[in-house]
Amino acid sequence: MAERMLKFVGTPQAMPEKRPAAARRHDFQEIYSAYARDKAAEQAARCSQCGVPFCQIHCPLHNNIPDWLKLTAEGRLDEAYELSSATNNFPEICGRICPQDRLCEGNCVIEKGFESVTIGAVEKYITDTAWERGWVKPIVPRRERAQSVGIVGTGPAGLAAAEQLRRKGYQVAIYDRYDRVGGLLIYGIPNFKLEKEIVQRREKLLRDSKVTFHLNCRVGLDVAFAELRRRHDAVLVATGVYKARDIQTPGSGLDGIAPALDFLTASNRAGLGDTVPAYESGVLNAKGKHVVVIGGGDTAMDCVRTAVRQGARSVKCLYRRDRTNMPGSQREVKHAEEEGVEFVWLTAPQSFLGRNSPRGQRVSHVRSVRIHLGLPDATGRQTPQEIPDSHLNVEADLVLKALGFDPEDLPALLGAHDLGVTGWGTLKIDWKSMMTSLDGVFAAGDIVRGASLVVWAVRDGRDAAERIHGYLAAKAIAALPVAAE
Ligand SMILES: Cc1cc2nc3c(=O)[nH]c(=O)nc-3n(C[C@H](O)[C@H](O)[C@H](O)COP(=O)(O)OP(=O)(O)OC[C@H]3O[C@@H](n4cnc5c(N)ncnc54)[C@H](O)[C@@H]3O)c2cc1C
Ligand code: SF4
């Protein structure tokens, strides 16, 4: 092993080739190309195979990273795939979009002095290769079970749970109000981070595994939640969080100010070939506009980079803290800067100024104020404080609000008024059983955690599937006829 591994001293870190920013600015294709086989093996061999793998500890799925890196270095890719897919339902998706700098790679021990192993890129390579070579096969359970599970939501939490439950032989039906499968993977995250075919081939795999999909189906409206509970032996709620946080300042009702997810969904739909009137009319299209995005998280980063690709005249990101205190991934900021986005740090909007246009009053500027970071609050984060007399007007024809998401009022939406929620509106669960306040109703993903990450949704979906299996197995045993003495 020692011969093949531990190459980090002599072999520098090399990500797969990144397309030049000038080319990236004009299309929505992913920005990294794939590793060639020998390059993946070379990079995997940089792993130091340390005794306590902090990468694995800090991966929410506790992926067996050192072992699949070693197998990749040795060219044993089929085994690497077996191992990597044993703990992760979507390794090629996580490899593309996990914020590795905060998770596995950020905790790689060789990061101290040498740059980390490119764990995400190798994970993506292993599973993309598995798809190419036909190793990824539909599920054929060892035995079918009569019990069925209904899942609300086809995001990563719902899909991961569906796959795990199907493996155990349950009949799985999954419902979504969207017309496509994938939740934020399909309509939130742009193509340049995750191409849609990657999500769609997963959908096909689940369909071929006999998971049933009911799309365009709003649970609580098109089908009652109580009906779902009657239909299935257990129900999993994995509905995500969609109530966009708003900004209530003078001028916030002007035309040209839109929620970030509406903009991203329109762009993703247009990319998928849908007719999107708001995109075609220019309402949700950045072409030729001065665009200002408010916020500093993943959604804001996706908006600025989408606006660039749509042909905006200028793109600015306004964030009230500084670069080191932003929630979005540093890697994404770097990509955005390369693509021509300007970051206006330590600046907060105060009001929106308007101008007359043929269609009424339209936004023209974001009136903003400079911020100074004061003493840390109870959460440890420095409090933003306005600097007096530091106003500036930032020109804008399109303003996108990317301030985060809260849960919708789920008990009202589902018509399930005894469904318990927390003070934040997320679903309250017993963390041991993952069951909500309703018997046989479980919950997973963002609707439990609040807005989080795909990898955590996968983890929750897997955990929920395990707990549902325990619940249904106990139920099946209880239903067995009692043997006569
Ligand atoms: C713009 C954006 C970019 C992001 N980028 C990243 C990233 O780069 N990396 C990362 O790790 N994470 C990222 N995230 C976060 C990540 O997408 C989420 O944490 C993850 O998708 C949550 O998964 P989920 O399954 O809980 O919910 P979702 O993916 O939100 O799926 C929930 C599904 O439930 C459906 N649904 C809701 N209510 C109903 C109902 N009543 N009836 C029927 N169906 C219903 C919805 O239509 C949706 O399809 C991003 C999020 C956003 C918004
Ligand atoms: S799932 Fe995410 S955190 Fe875990 S190893 Fe893969 S890229 Fe890293």
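An oxygen atom of ligand 1 sits 2.6 Å from an N or O atom in the side chain of aspartate 176. I call that a polar contact: a pair of N or O atoms within 3.5 Å; within protein, one must be able to donate a hydrogen and the other to accept it, and residues adjacent in sequence count only if both atoms are side-chain atoms. Tyrosine 242 also reaches an oxygen atom of ligand 1, with a side-chain N or O atom at 2.6 Å. Valine 219 uses a polar backbone atom, 2.9 Å from a nitrogen atom of the ligand. Alone, ligand 1 exposes 1000 Å², and the protein buries 98% of that (Shrake-Rupley method, 1.4 Å probe).

A word on the basis. This is a predicted model: local features need pLDDT of at least 70, side-chain atom pairs need 80 or more, and totals for chains, interfaces and linings use all residues. Residues are numbered from 1 along each chain as written, chains are lettered from A and ligands numbered from 1 in written order, and side-chain values use heavy atoms, without hydrogens or water.

Now the shell. Of 33 residues around ligand 1, Ile97, Asp176, Lys193, Tyr242 and Asp446 come nearest; the cut-off is a heavy atom within 4 Å. Helix 14 (298-310) gives the largest share, three residues. Helices here are DSSP runs of H or I, at least four residues; strands are E, at least two; both are numbered from the N terminus.

Last, serine 368, in strand 11 (residues 360-376). Its side chain reaches the backbone oxygen of valine 366 at 3.2 Å.
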